[in-house]
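Please look at the sequence and the structure shown below before reading on.

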Amino acid sequence: MDMNEDDPIFVIQAHDTGRLHYDLRLEIDGVLKSWSVPKGPSTDPRVKRLAIPTEDHPLEYATFEGVIPESEYGAGTVQVWDTGTYRNLKEIHEARVPMSQMLGRGELLFHLDGKKLHGGFALIKIKKADNVWLMVKMRDEFATARSKPINGRSKSALTGRTLDEIREGKAPSEAKR
Ligand code: MN
C-alpha cells in the first residue's frame, strides 16, 4: 500500500457542471483514461457505481482545479477530490496483464493508493450495454459499508478547498486544511 514514484497516477475530480459527478482518470500509456461516475466511488463492495467512458485527458490535467468558463467544454467547477498512484492487480498465471490490454477487454482491476481511497477496485464493462461500465470496491481490508467517502470527505486532496471555495476563487492558501 506504499506509494511508489514509478507507479502510474490516478485522479478523481469532482466536477460540478450543474450536475455534480466524479471523473475517474487512470494513467494508461501516457494519457488519462477517463470515466464519469455520476454518484462517485463507494467503499462498499455491494455497491456498483455506473461509470461512463469519457474523453482521454493529458497527464497534466490530473492537477487541474478551478473554474472552466461557460463557453468551454466541461464548463463548471473542478476539484481534485482524490489523487495518488495505483497498481495494476490483473494477473493471469502469475503474469501481469497490461492495463491497456485489460482496457480492451473491459476489465480493469487496480489498487488505489490515494489520499482518501485505498485498496482494490474493479472497473468492468457491461456486456449487454454499449459503453457502460461499473466501478466496484473489491473485498479487502479497506472495504467498508459504514463510511460514504464522497459525503464525509468533501475537501480537495490537493488544496483543502471545498467546491464552493474553488467556485468563489478562494486562493489555496486561504483554505482551511
Ligand atoms: Mn466531467
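The largest pocket has a volume of about 170 Å³. A pocket here is an open set of points on a 1 Å grid over the protein atoms alone, where a 1.4 Å probe fits, with protein on both sides within 12 Å along at least five of seven lines, and lining residues have an atom within 4 Å of a point. The volume itself is the space filled by probe spheres set on the points. This is a predicted model, in which local features need pLDDT of at least 70 and side-chain atom pairs count only at pLDDT 80 or more, whereas totals for chains, interfaces and linings use all residues. Residues are numbered from 1 along each chain as its sequence is written, and side-chain values use heavy atoms, with hydrogens and water left out.

Among the residues that line this largest pocket are His15, His21, Asp23, Arg25 and Tyr61. By class, the lining has three nonpolar, six polar and two charged residues. The strand β2 (20-28) gives the most to it, with three residues; strands are DSSP runs of E with at least two residues, and helices are runs of H or I with at least four.

The manganese ion has His15, His21 and Asp23 as its protein donors, lying 2.1 to 2.3 Å from it, where donors are N, O and S atoms within 2.8 Å of the metal (3.2 Å for Na, K and Ca).

| Donor residue | Donor atom |
|---|---|
| His15 | ND1 |
| His21 | NE2 |
| Asp23 | OD |

In sequence, these donor residues are spaced H-x5-H-x1-D. Histidine 15 and histidine 21 are both buried, a word that stands for under 20% relative accessible area, while exposed stands for over 50% and partly exposed for values in between (1.4 Å probe, protein chains only).

The C-alpha atom of glycine 18 is separated by 7.2 Å from that of glycine 76, although the two are 58 residues apart along the chain.

Conventions:
Ala, Val, Leu, Ile, Met, Phe, Trp, Tyr, Cys and Pro count as nonpolar, Asp, Glu, Lys and Arg as charged, and the others, Gly among them, as polar.
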